[in-house]
Amino acid sequence: MKKMLGKKTTERVEQPKFTKPAPPLYKERWQQAGLAVVDNDFGVLFKREVRYPFDYKHGHYTLGELVAALEIWENADIEHPYALHTKERIVFWDTETTGLKGTGTHIFLLGFLQQDEDEFVLTQYVLADPANEVAMLFESKLWQRSTTLVSYNGKSFDWPQLETRWTLNRQTLPPLKEQKHIDLLHSSKRLWKNDLEKMKLVQVEEEKLGFKRQGDIPGHLAPIIYFDAVKSGQAEVLMKVLLHNEWDLLSLITLYIHQTKLLFSGEQESAVTYTNVGKWYSDLKQQVASEYVLTNVTENYRESETALAHFYLAFQHKRQGRYHEAIKAFETSIIGISNRQKIQAYEQLSMLHEHQIKAYDIALLYAEKGFKLIQHSDLSFEQKEKQLVKWKKRYERIQNKQQ
């Protein structure tokens, strides 16, 4: 019966050939505003390039201090996801887009900043118009080179946007290469939790990097300014968007320098920040580095600022079998930590006195305190019930041992 069906033929659908779009009518006017024209096989785009010497200062730091920061990582005997090395091709990058999401959102500005021998080079690619999108994406060379990208919120926003635009033009563009990516927003949240109210790059610049923008345009106006420049053909105001992007990229370098110094205790900051550093090392299983940092906090800052450091350090002491030191650290921490952390501290104190010290009366006392705190906590009803059952069992077990 199969032979009677005959062969099934499928017609091959021819993909439409790419047609190079015409250059925009305002090409010369954008050139006069300070942009260079780049003409490639896929259309036209605009480009701006700025060079900075090593001694160029942006806030508290010169750009050349990046070299010293990379040497710190080279000589460090710890593993860390934010470690960069001198042999890597490191590119600080940022984008400006016409919106926040959706297939209609275009990237109209790609900014790259990287070291080139004894200077730093900023390269900005500007979308001539949506018809010339392939030209700009191709010119970025992200299909050609493997780099380590350093961004601020780039993992969650900029790179996914770029992947979307690349996918929509996949019939014309070479495949996009996967890149190693370091997102300094994530490290900022780690380091300045409970220290900075907002994690926007502008706030970080002012409070941590010593840089305050003068005459900057708000980021949400960038799409409006771009569309207006395309419509009117005037690029003078658009140049302010490029300056905004330039400051973002310069701040990425100084932010990486600053955070490297923080992680290796070479910069003076608050007890909260250094406690976060110690916690981060602990989460990375770098216990020696974690204990070193947390101990420094407890010894060099006021007692009112060190409660959380004592709390985290207590777990280190317990892990190393230093039970009396762990008890002392947990007891010291209770005055300044959150209620949820207090519940953890009471639990650990009860466990230490029950299992290691064999002081059942004290273990019972801390079990009572934990039980009462859970009853008045802001836990959900289900969480509270679950915790109370667990603590009741602990209380009854210690009572039996006491008898």
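Strand E5 (residues 90-97) and strand E8 (residues 148-151) pair in the parallel sense, joined by three bridges. Within this pairing, Val91 stands opposite Leu149 in E8. The model described here is predicted.

The two strands belong to an open sheet of seven strands, arranged in the order E1-E2-E7-E6-E5-E8-E9, with mixed pairing. Its edges are strand E1 (36-40) and strand E9 (180-183), each of which pairs on one side only. On average, neighbouring strands of the sheet are turned by 30 degrees against each other, direction ignored.

Helix H8 (residues 222-232) packs on this sheet and touches E5, strand E6 (107-116) and strand E7 (119-127). The direction of H8 makes about 105 degrees with that of E6.

A further contact involves two helices. Two packed helices are described by the angle between their axes and the distance between the axes. For helix H13 (residues 323-333) and helix H14 (residues 339-356), the axes come within 10 Å and cross at roughly 155 degrees. Because angles over 145 degrees count as roughly antiparallel, H13 is roughly antiparallel to H14. The crossing of the two helices is left-handed.

| Helix | Residues in the contact |
|---|---|
| H13 | Tyr323, Ala326, Ile327, Phe330 and Glu331 |
| H14 | Ala345, Gln348, Leu349, Leu352, His353 and Gln356 |

By class, the residues of the contact of H13 with H14 divide into seven nonpolar, three polar and one charged.

Key. Residues numbered from 1 in each chain as written. Predicted model: local features only at pLDDT ≥ 70, side-chain atom pairs only at ≥ 80, totals over all residues. Heavy atoms only, no water. Pairing = 2+ DSSP bridges. Helix = DSSP H or I, 4+ residues; strand = E, 2+ residues; numbered from the N terminus. Axes fitted to C-alpha atoms, helices over the stretch in contact; angles between N-to-C directions. Contact = heavy atoms within 4.5 Å. Parallel < 35°, antiparallel > 145°, perpendicular 65-115°, else oblique. Left-handed = near helix turned anticlockwise from the far one by under 90°. Nonpolar A, V, L, I, M, F, W, Y, C, P; charged D, E, K, R; others polar.
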